[in-house]
Amino acid sequence: MAATSSALSRTLSCSPSLFLSKPHNRQNSPLLITLPGRPHHLAIRGCSSDLGPYHDPISVRKSQFSSTTPFGVIMDNDTLSKPSFRWRRVLLKVSGEALAGDQIQNIDPKITMSIAREVASVTRLGIEVAIVVGGGNIFRGSSWAGISGLDRSSADYIGMLATVMNAIFLQATMESIGIPTRVQTAFKMSEVAEPYIRRRAVRHLEKGRVVIFSAGTGNPFFTTDTAAALRCAEINAEVVLKATNVDGVYDEDPKRNPEARLQDSLSYQDVISKDLSVMDMTAITLCQENNIPVVVFNLNKPGNIAKAIKGERVGTLIGDTWNSKAAMA
């Protein structure tokens, strides 16, 4: 009898071939175990083997559902089912000139730290943030093309490398304050960054990481604004947030006309027909074709990045109106 009990104990703790079942009347009913090669069930109450207690599969699936955002903010089911922000996945476009600020150096650490802190404040709320950086603070291909025999394609490739430098700097700043960040490049630079893979980028965002896209589209003759519109469409982001050194889009050049008025919202056609220097025409057309709104706002005003990401009224909204959706903060 002792030998049989010992053998049964070893079978319960070690055998991967046990079949567990639970009667329909679950309350106070025993766990039924079918031993390999035996037609009968063995009823056991209070089983404490290595297999652990019986769990209803439906209950297990429910218990595995997490209502916690990647940064530990607990959200109840009502909050999860009713988003409190206008957008849940955004693409932030930061120009190279904006990163330079007023400094003589190519990159102002105060600017990158300001960006990092504001992005951190919204990612902790569960908003997914991707970033496209420009490289004009280091090298602008269109400006150098034709100088000293440098053709446009070569100049643009140098500009793409400049965006990678900015991306790595911004990544280091973000990770210094605890924001998990990944840099992806449009062409392979495996020693310093990941290659751009759309599914991997989306997975990073779903895990609460910030993804910085660099090297533009990987092709000459395309701006980083176009890269921002393209990446936004690819990762199914809901808006392009263009951070600049001005408050938004004006009806006239504010440097020439001090009475120029800031536009609250514009249509894509307004931007195209009036030839407004918001983004290049390729980028605007790509946004129009994919119904991607664009927000142009001032990067240098504290709090503007967080406001733009959360969908609060700031700067100029292109391709939509502020009242078309309830911006719930």
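These legends accompany close-up views of a predicted model.

In this predicted model, local features need pLDDT of at least 70 and side-chain atom pairs count only at pLDDT 80 or more, while totals for chains, interfaces and linings use all residues. Residues are numbered from 1 along each chain as its sequence is written, and side-chain values use heavy atoms, with hydrogens and water left out.

**View 1. The sheet has nine strands.**
Strands and helices here are DSSP runs numbered from the N terminus (strands: E, at least two residues; helices: H or I, at least four). The sheet is open, and its order is β7-β6-β8-β5-β4-β9-β11-β12-β10. Its pairing is mixed. Two strands pair if DSSP finds at least two bridges between them. Strands of a sheet pair through backbone hydrogen bonds, either parallel or antiparallel. β7 and β10 (265-266) stand at the edges. Each has a single partner strand, so one side of each lacks a neighbour in the sheet. Helix α7 packs on the sheet and touches β5, β6 and β8. The direction of α7 makes about 170 degrees with that of β6. For such angles, axes are lines fitted to C-alpha atoms, for helices over the stretch in contact, and values run from 0 to 180 degrees between N-to-C directions.

**View 2. Strand β9 is largely enclosed.**
Five of the five residues of β9 (residues 240-244) are buried, so the rest of the structure largely encloses this strand. Buried means under 20% relative accessible area, exposed over 50%, and partly exposed in between (1.4 Å probe, protein chains only). In a regular strand the side chains alternate between the two faces of the sheet. In β9, Val240, Lys242 and Thr244 point one way. Leu241 and Ala243 point the other way. β9 pairs with β4 (residues 89-94) in the parallel sense, over four bridges. Here valine 94 stands opposite alanine 243. β9 also runs parallel to β11 (residues 294-298), joined by five bridges. There lysine 242 stands opposite valine 296.

**View 3. The largest nonpolar core has 38 residues.**
A nonpolar core is a set of buried Ala, Val, Leu, Ile, Met, Phe, Trp, Tyr and Cys residues joined through side-chain atoms within 4.5 Å. In soluble globular proteins, nonpolar side chains tend to be buried together. Ile115, Ile131 and Leu241 have the most contacts inside this core. Helix α5 (residues 109-123) gives the most to this core, with six residues. Ile131 touches residues including Leu92, Val94, Leu170 and Phe213, not counting residues up to four places away in sequence. Contact means heavy atoms within 4.5 Å. A second, separate core of 29 residues includes Leu91, Leu266, Met279 and Ile318.

**View 4. Threonine 112 sits in helix α5.**
Threonine 112 counts as buried, at 2% relative accessibility. A polar atom of its side chain lies 2.9 Å from the backbone oxygen of proline 109. Threonine 112 also touches Leu99, Ile107, Phe169, Leu170 and Thr173, not counting residues up to four places away in sequence.

**View 5. Helix α9 is largely enclosed.**
Eight of the eleven residues of α9 (residues 224-234) are buried, so the helix is largely enclosed by the rest of the structure. Among them are Thr224, Asp225, Arg231 and Cys232. The buried residues of α9 pack against β4, β5 (128-133), α7 (152-176), β8 (210-214), β9 and α11 (281-289). At the start of α9, a side-chain oxygen of threonine 223 reaches to within 3.3 Å of the backbone nitrogen of aspartate 225. Just after the helix, asparagine 236 takes a positive phi of about 60 degrees.

**View 6. Helix α8 has buried residues along one face.**
The buried residues of α8 (residues 198-206) are Ala201, Val202, His204 and Leu205. Seen down the helix axis, they fall within an arc of 155 degrees, so they line one face. The arc is that of the directions from the axis to the C-beta atoms. Their cover includes β4, β5, β6 (181-185), β7 (194-195) and β8. Just after α8, glycine 208 takes a positive phi of about 90 degrees.

Technical notes. A polar contact is a pair of N or O atoms within 3.5 Å; within protein, one must be able to donate a hydrogen and the other to accept it, and residues adjacent in sequence count only if both atoms are side-chain atoms.
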